[in-house]
Amino acid sequence: MKNKKITYTIQLAHLSFLRNTKIIFILFFISNLLVNSQNSQLFHIPDSLKNKTYKELYKGLNLSYNDTLKEKIYAKAYLHKAKNENDTIKIANAYSQVISISNSIIGIKYSDSIIDLTKNLDHFEFPGFGYMSKGISQFNKGDYEKALKNYLLANKYAYKHNNTRHLFYIKNGIGSIKNLWGNYKEGLESYKSQLQLLKLNKNDFIYQPEVFLNILLNISSSYILTKKLDSALIYSKKGIKESLLLNDSIEYYTFVNQAGVIAYYQGDFKRALDSINKASPYSISDNDFLNDNYYRGQIYNKQNNDIKAFYYFKKADSIYNATNDVVPEVRDIQEYFVHYYKTNNDTENQLIYIERLLFVDSI
């Protein structure tokens, strides 16, 4: 996972109301250095690189990923060679194989370039990859309808060529959108079919422990959303077991936290709080911290501990104020404060949170 240039970068997000809703799975985004290299006719390949093969240039690109200047030279040389030889696939590879996290606008722009370049080809990777990467960018922008449209186009090409790698990640994207739209059963079906693909392709490079653990988490989260808590707990326990076998402490505590959330919905508040508190020091994202405090607030609120409930909801709300990331829990937090300030006859703050609640609803 550290070598970001050798193969696909996997960023499978926990796409449910329990985790960060921003997707992250296979990314073939185009780096800014390739934006500048569109005018490759102005670039002169260094003598040391002129006779290099694509394989050698690609290897050099991988080995220089910590050296921005050297990386740029190899990338430009690769693209220049592909354009000089008018090799469509190699040009597309120059855009897709130099992986860099770029913003969604650039991602969409260069995904379109890949599509335009390869749309008339009958190729295993292209133009399907272009549609898939465009869907990823649109998802990250929040354009879910457009993202789904491009995932479905990519899905068509993936089935046509039996491209199991593309199918695998497209199912993740579709499952994420379904859950965000409240089609939880369909989201669950997508994740379970993704798990089945993984099991059928255990010798393929897509089988990586981190990927397997994320699928287990997504399935567990989907079962929570469909209110099948016993099934959710089964997959959470599988995740705990597998992460222990892999000695993966980060994922272990993620599943411990998940077990705590399940316990909350089962009404076992003591076990829920114990698990969430145990896992909380290992949370790594803003949304993780927001969720930890959100569930603590909910637990204490149900136990009529007004002081602690207010404290933890306030902490969760401060994280939302800092990130402006409207995850579904944010609505409950605003609703809590509307009720809290109404009960305490604080009209001024009540109106503030009513406005915030209306804003969240509009999102």
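1. Start with helix 9: its buried residues (buried means under 20% relative accessible area with a 1.4 Å probe, protein chains only; exposed is over 50%, partly exposed in between) pack against helix 8 (164–180), helix 10 (209–225) and helix 11 (229–245). The buried set is G187, L188, S190, Y191, Q194, L195, L197 and L198. Helices here are DSSP runs of H or I with at least four residues, strands are E runs of at least two, and both are numbered from the N terminus.

2. A word on where this comes from: the model is predicted, so local features need pLDDT of at least 70 and side-chain atom pairs 80 or more, while totals for chains, interfaces and linings use all residues. Residues are numbered from 1 along each chain as its sequence is written, and side-chain values use heavy atoms, without hydrogens or water.

3. The length of helix 9 checks out. Its 17 residues (184–200) should span 24 Å at 1.5 Å a residue, and the end C-alpha atoms are 24 Å apart, which agrees. The expected span is 1.5 Å times one less than the number of residues.

4. Next, have a look at S283, in the loop between helix 13 (269–279) and helix 14 (286–302). S283 counts as buried because its relative accessibility is 13%. Leaving aside neighbours within four places in sequence, S283 is in contact (heavy atoms within 4.5 Å) with D288, F289 and D292.

5. Zooming out, the protein has 17 helices and zero strands. Of its 363 residues, 54% count as buried. Among contacts between residues at least 6 apart in sequence, 62% join residues at least 24 apart.
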